[in-house]
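I opened my notebook to look up a few spots in a protein model, one entry at a time. Come along and check each one with me.

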Amino acid sequence: MLKRRILYFICLAVVFGINIFYVEYQIFILLVLMIAIPLVSWIMYAISDVSLGLSLQVNKNVVQVGNRIKIRIVKKNACNLAFVNGSITIKYMYCHTGDEFMINVPIKQGIRKSAGITDISADYCGNICVGVESIEICDYLGLFGKKKQFAGVTKVSVMPEETIDRYMEADRANAYYDEENEMYVKSASDEVSELREYRDGDSPRNIHWKRSSILAENDFIVKEYSTNINKTVFIVVDTDWRGEKSWRLSRMSRIYAEMMSQGLACAEAGLTGQYIVWDMAKADIVRVTFYDNASLKAAVKVVMDIRCGEGTVNKACQALYEDDRLEITTEPVIITEN
């Protein structure tokens, strides 16, 4: 653009000099045109700049992994950007890793509502924040231009495929480890029916450690649950931050897919499930409960919104066992990948 301006002023100076030494109307008309045409171009550019307003629309806010997210940039006024050239920079970011990507969309000229159309590939599972990062506009002659920033984003959830790899039995009364299906299930009622002394064969996880701490060294108090059993599956999701951009996004996508698969197995078996995720911002676990397909999808979206960190699975497990509000009777399921 700077070179265009320099060239324009050189040509204008030459034509102006010729008009001084050769007073001819043809040369004078050329001088007028060289001033009038850029002036008209600037006026059209200024009108578009002052009335500039864009909004971003996506065709669907929830898509399946592997599909494409269609994006449409809409003018708030149909006349906006009708007389300028330029491009729109769209930025989208995966919320759980913070990885950003950018694409440039040419401005669609003319008097119509659409300023640009594009799409992005939903290659990885997760919540994506999509927004207009900036827009660069210039007049047709390329003499005047500006880059403007924009605020505001649209969130799109890229959901894992709904496949069930592991099924759980729903008719077992006690906590169990299903070796065939590799699922741990917690079985406990909402309230402890009674406390009693420890007997040989009692599970160490039923020990009431606070009550036992005031007894002798080898004496323990055990919690006994009523026969009205409310089965809950605890699923700890590994959101550990590691690797390069594409590798960690691919890794987390597989973890989210397995998380969805385990959740569907719980829902199909009639069990209540609970995702356990370590939240770096809160320095505590986030517990998201689900009991059917609708609540499961909502829970998956919540989990995919939590930022990844370091050592999250160990921190989540430790906080889970230390949470006095939970009665942990078996090991939780851990969704991870080395």
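Buried means a relative accessible area under 20%, exposed means over 50%, and partly exposed lies in between. I also noted at the start that this is a predicted model.

**Entry 1: a cysteine**

I looked up Cys129 and asked: is Cys129 buried or exposed? Its relative accessible area is 16%, so Cys129 is buried.

Next I looked for disulfides. A disulfide is a covalent bond between the sulfur atoms of two cysteines. The rule I used asks for a pair of cysteine sulfur atoms within 2.5 Å, and by this rule the count comes to zero. Cys129 is in no disulfide, and its nearest cysteine sulfur belongs to Cys95, 3.2 Å away.

**Entry 2: two helices**

Two packed helices are described by the angle between their axes and the distance between the axes. I looked up helix α1 (residues 2-21) and helix α2 (residues 25-50): their axes come within 9 Å and cross at roughly 150°. Angles over 145 degrees count as roughly antiparallel, so α1 is roughly antiparallel to α2. The crossing of α1 past α2 is left-handed.

Which residues make the contact? From α1 I listed Tyr8, Cys11, Leu12, Val15, Phe16, Ile18 and Asn19. From α2 I listed Ile27, Phe28, Leu30, Leu31, Met34, Ile35 and Pro38. Sorted by class, this contact has 13 nonpolar residues, one polar residue and no charged ones.

**Entry 3: a serine in a helix**

I found Ser253 in helix α4 (residues 245-268). Its relative accessibility is 11%, so Ser253 counts as buried. What does Ser253 touch, leaving aside its neighbours within four places in sequence? I found it in contact with Val65, Asp123, Tyr124 and Cys125.

**Entry 4: two loop residues**

I looked up Ala283 in the loop between β15 (272-279) and β16 (284-290). Ala283 has a positive phi of about 55°, although it is not a glycine. With a relative accessible area of 51%, Ala283 is exposed.

Then I turned to Gly311, in the loop between α5 (293-304) and α6 (312-322). At 26% relative accessibility, Gly311 counts as partly exposed. How far apart are Gly311 and Arg242 in sequence and in space? I noted 69 residues in sequence and 9.9 Å in space, C-alpha to C-alpha.

Methods. Residues are numbered from 1 along each chain as its sequence is written. This is a predicted model: local features need pLDDT of at least 70, side-chain atom pairs count only at pLDDT 80 or more; totals for chains, interfaces and linings use all residues. Side-chain values use heavy atoms; hydrogens and water are left out. Helices (H or I, at least four residues) and strands (E, at least two) are DSSP runs, numbered from the N terminus. Buried means under 20% relative accessible area, exposed over 50%, partly exposed in between (1.4 Å probe, protein chains only). Axes are lines fitted to C-alpha atoms, for helices over the stretch in contact, and angles run from 0 to 180 degrees between N-to-C directions. Angles under 35 degrees count as roughly parallel, over 145 as roughly antiparallel, 65 to 115 as roughly perpendicular and the rest as oblique. A crossing is left-handed if the near helix is turned anticlockwise from the far one by less than a right angle, and right-handed if clockwise. Contact means heavy atoms within 4.5 Å. Ala, Val, Leu, Ile, Met, Phe, Trp, Tyr, Cys and Pro count as nonpolar, Asp, Glu, Lys and Arg as charged, and the others, Gly among them, as polar.
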